[in-house]
Amino acid sequence: MDDYYNKAVLSAPSKIHEIRVLNQVIAVVSVLSILGAGWIILSFCLFKAVRSFRHQLILGLAISDLLMAVNFLSSCAVNLSGNILSDPKQKKFCSYNGFMTQFFVVQTDYWVLVIAVCTFLILANYKLQSTWIQEHRAVLWLLPWGFSAVWAVLGLVLAGYGDIGAWCWFTSDRVRLLVNFIPRWLIILTILGLYLHLYRIIYKAHNRFMSFNDENTPHSIEPETESVSSTRRIGRPAQSMNLSSKDDDMERSGGSAPAPGRTHARRPSPILKKMAYQMMSYPLVYMFIWTIPTVIRIYQSSTGKSAPFGIATVDKACIVIQGFADAVIYGVNETSLAAWRERFSKYPPTTPIQGIPAPRQFAVNIQHDIVVENKARATPTIETYT
């Protein structure tokens, strides 16, 4: 009596109590993802510092994560209420739930790719392309929604969606592997390659900054040879690596523009290294999240056997946790957390405490966010602060 239905769907548990436990776990993880995505959206609404171009793209990712987690939570609610998704009475809801699952899971992949490509174009100083993407932000928003809608419709028409335990999706592991997981790993490897290249650019820039500081010369930073294209593109970093809000820049400069010809690169090492490590953490986190689900898909599609229930539960939890993971890697590592800290800080960073001198501020606009300045400056201004 404990067996519920045929195990033709390898990803779906076969026992009632397993279905209940699985849906309880997925419901909890869905709530975590909802809270994480909601935090990024709320930060965008409350703080001007996180409304820059890059964070507008992160907002799109957060919206997709939020709606995807809500979709997972709704299917768990149906299962926990006793109306199992595999019941013929739930066929319409299951088709809708599967469509939305495919729609948002694929869409988050495209958002991550868009963010990586835009970050690369801006930081690598592709001026023409970076200007175009900022002037056509609607196109960047339409790409993830449009492509994911096409994939979801094709999945509904050509394969259909069925119950896989906690939500509805493609019931065939082989179909999911070919349609979702292989393209996802291609995207992950692409952003890994982009961020590796940016890491090299920042590392070389860091070496030039340190060399420039040792020589104590106020001239612009240029590579020794024109053959190193990556260093040439980052030769004037203020035009493409201005990563803090413009209001903060004006406050730190006393309301006036920095003096021309002056470049402050006193302690760039911690800032540049932190930025490079953060960029590398993005693809590595995604690789970690999707490794177990990919291995399970390969195992089940090649052997025709179901993975153990515990591992299968972890498999599904890894898919649902993406919203929370995005909140960590794009929120905690970016301006959002700093903005919340400043909001609840008793003494804001810009207000000196009586009897305690204000912390010394260094200049380099690399810690917070990406804002491309369309007007090129005659001399680079690299400001860092701690």
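1. Start with residues 25–47. This span is 96% helix and 0% strand. Its end C-alpha atoms lie 33 Å apart. Keep in mind that the model is predicted.

2. Residues 110–126 can be read in the same way. Here the chain is 82% helix and 0% strand. The end C-alpha atoms are 21 Å apart.

3. The unreviewed entry annotates residues 25–47 and 110–126 as "transmembrane region". That annotation also covers residues 59–80, 138–161, 181–202 and 276–296.

4. The largest nonpolar core has 66 residues. Which of them touch the most other members? They are Trp167, Tyr195 and Tyr330. The largest share, 14 residues, comes from α3.

5. Take Tyr330 as an example. Leaving out residues up to four places away in sequence, Tyr330 touches Arg54, Ile58, Leu61, Val112, Ile115, Tyr282 and Tyr286.

6. Now look at Arg176, in helix α6. Is Arg176 buried or exposed? Its relative accessible area is 2%. The cut-off for buried is under 20%, so Arg176 counts as buried.

7. What surrounds Arg176? Residues up to four places away in sequence are again not counted. Arg176 touches Ser11, Ile164, Trp169, Phe170, Phe181 and Arg297.

How values were computed: Residues numbered from 1 in each chain as written. Predicted model: local features only at pLDDT ≥ 70, side-chain atom pairs only at ≥ 80, totals over all residues. Heavy atoms only, no water. Core = buried A, V, L, I, M, F, W, Y, C linked by side-chain atoms within 4.5 Å. Buried < 20%, exposed > 50% of the residue type's maximum accessible area, 1.4 Å probe, protein only. Helix = DSSP H or I, 4+ residues; strand = E, 2+ residues; numbered from the N terminus. Contact = heavy atoms within 4.5 Å. UniProt positions renumbered as here; feature names shortened; annotations may be inferred.
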